[in-house]
Every structure is written in structure tokens, then in C-alpha cells.
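Here is a friendly note to read with the model open beside you. Take the points one at a time and look up each residue as you go.

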Amino acid sequence: MHFRLTATLLVSFVLLCSLKSQAQIGTLPAININKGLKKDWSLNFKWESRQAKLPDDLENGEGSRFKYVLSDFSLTLSKKVGLNNSLAAGYLMRIEDNRFIQRATQQFTIVKGYSFFRLAHRFTTDQTFDPESPTEYRIRYRITPEFPLSGQSIDPKEFYFKFNNEYLNSFQGKSYDLELRFIPLLGYEFTDTSKLEFGLDYRVNSFLNNATNQHYWINLSWYLKI
């Protein structure tokens, strides 16, 4: 019931967004595989892909199908450094337009549990190396509350709600940009080792330069612990 209602609302919202010529809409499927290691270390592999209708296609009435845009493959090693904190470092390889783009990531995360919800703060820096562009440096902050939709904790075979709100400061050459992300997600935990999240990933940037770009992605992510 929750999943069907969310899907209906998302499809309606994205169709409405498609009327905006400056908006990019698409899908963002992802698979996360986590492996716990000894002494509080863990390893995460993530695959994520984008398919989109570009603004020009929408404006010209072209492109009835979604077009493949890119694929990301990332590997992140993290270490728990306290009761609620962890440090991580990662490497991402992006395949886009037949070229390889690389990104290094450093991350600090704080996760605290409360009576009826969990709250996570994530501080990230990353550096993106594109052979056709100057190196891009980003400083990011994300806050994520997570609520069970029944009971006082998230248990197997139960739904939950999660909301990601992220602020990305980008420095590239002499230019600066700020991107905001708002990502409401409905999750379902199948077992202690498997869960699925579905929702809208809304991103807006370049508004500081009066050239606002908006992106609406339908997000579908599967998380698996092995």
C-alpha cells in the first residue's frame, strides 16, 4: 500500500515536472553491497546508473524514451572510530560519453539513535578528475532523519521513511556553485541484510548565477549485506 501510493505520487510529480523546459528528469537505480570486516572495518561497493530525458528533447517534443547517461562504480572503505562515528575513504569511476572520470572521497559520519527515529550527519569532501575539465573540489554536508512507519524501530518486513537533505559546495577553476538536494524515500526492510528504498531525488543548482538547473530523478536503491 505504501509503495503503490508513493509510486503513483512520484509518477504524477515527474510528469508535471516534465512540462518545465529547464528541468531534467530521469531514473537513478542503484545497488549497494556492504561487507563487514574485522576490527570495525567495512567495505561498500555501489553501482549507480542514470537514464534521462534531456531538457532540449523535452522542449522539442523529442525523446519519448529515456536515454542512457552514465554509470558510476564506487568502492568505499570505512572504519568505526567511536560509538556513533565513522571515517571513510573511497574511489569512484564514472563512465560517461565513452570517457572515464575518477573521483576520490573522504567522509566523516555521525549517527545517533533516538526514541522514535535515527539521525545521521555526513560530512564529505571529494575531488573529481575529468580529462576534459579542471579538477572539481566539493565540500558536502548531508542530514538524514529516518523514521519507522510502525512501532518504535525499523524491523524486518516493515516500512520506514527517510529524508536526505544535502548541500554541495563546488569549486572548479575560478567558478563556484551550490547544489541543494532533497530526497524523500520510502524504504522496506525485507530482512536484517536486505532492504529497498524508493523515492524522489530532487536537485537544484546554478541558481546563484540566475541560470537555475533542476533535476528530478526517480530513485530506486537496493541494499544488501553479505
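1. Helices (H or I, at least four residues) and strands (E, at least two) are DSSP runs, numbered from the N terminus. With that in hand, find Ser-221, which sits in strand β11 (residues 213-225). Please keep in mind that this is a predicted model, in which local features need pLDDT of at least 70, side-chain atom pairs count only at pLDDT 80 or more, and totals for chains, interfaces and linings use all residues. Residues are numbered from 1 along each chain as its sequence is written, and side-chain values use heavy atoms, with hydrogens and water left out.

2. Now the overall layout. The protein has two helices and 11 strands, and from the N terminus on their order is α-β-β-α-β-β-β-β-β-β-β-β-β. Of its 226 residues, 36% are buried; here buried means under 20% relative accessible area, exposed over 50%, and partly exposed in between (1.4 Å probe, protein chains only). Contact means heavy atoms within 4.5 Å. Among contacts between residues at least 6 apart in sequence, 47% join residues at least 24 apart.

3. Back to Ser-221: is this residue buried or exposed? Ser-221 counts as buried because its relative accessibility is 7%. Not counting residues up to four places away in sequence, Ser-221 touches Ala-30, Lys-195, Leu-196 and Glu-197. Its side chain also makes a polar contact with the side chain of Asn-219, at 3.0 Å. A polar contact is a pair of N or O atoms within 3.5 Å; within protein, one must be able to donate a hydrogen and the other to accept it, and residues adjacent in sequence count only if both atoms are side-chain atoms.

4. Next, visit Gln-127 in strand β6 (residues 118-129). Gln-127 has a relative accessible area of 16%, so this residue is buried. Which side chain does the side chain of Gln-127 join in a polar contact of 2.9 Å? The partner is Gln-106. Leaving aside neighbours within four places in sequence, the contacts of Gln-127 include Arg-103, Glu-136 and Tyr-137.

5. Leu-37, Trp-41, Leu-43, Phe-45, Leu-75 and Leu-77 form a nonpolar patch with about 480 Å² of accessible area together. The elements giving two or more residues to this patch are β2 (41-53) and β3 (67-80), and β2 gives the most, with three. Accessible areas come from the Shrake-Rupley method with a 1.4 Å probe, and for residues only the protein chains shown count as cover.

6. Trp-41 lies in strand β2 and is partly exposed, at 35% relative accessibility. Leu-77 is in strand β3 and is partly exposed as well, at 36%. Leaving aside neighbours within four places in sequence, Trp-41 is in contact with Gly-36, Leu-77, Ser-78 and Lys-79.

Definitions and conventions: Patches are made of residues with over 30% relative accessible area and no salt bridge: like charges are joined within 9 Å, nonpolar side chains (Val, Leu, Ile, Met, Phe, Trp, Tyr) within 5 Å. A salt bridge is a side-chain nitrogen of Lys or Arg within 4 Å of a carboxyl oxygen of Asp or Glu.
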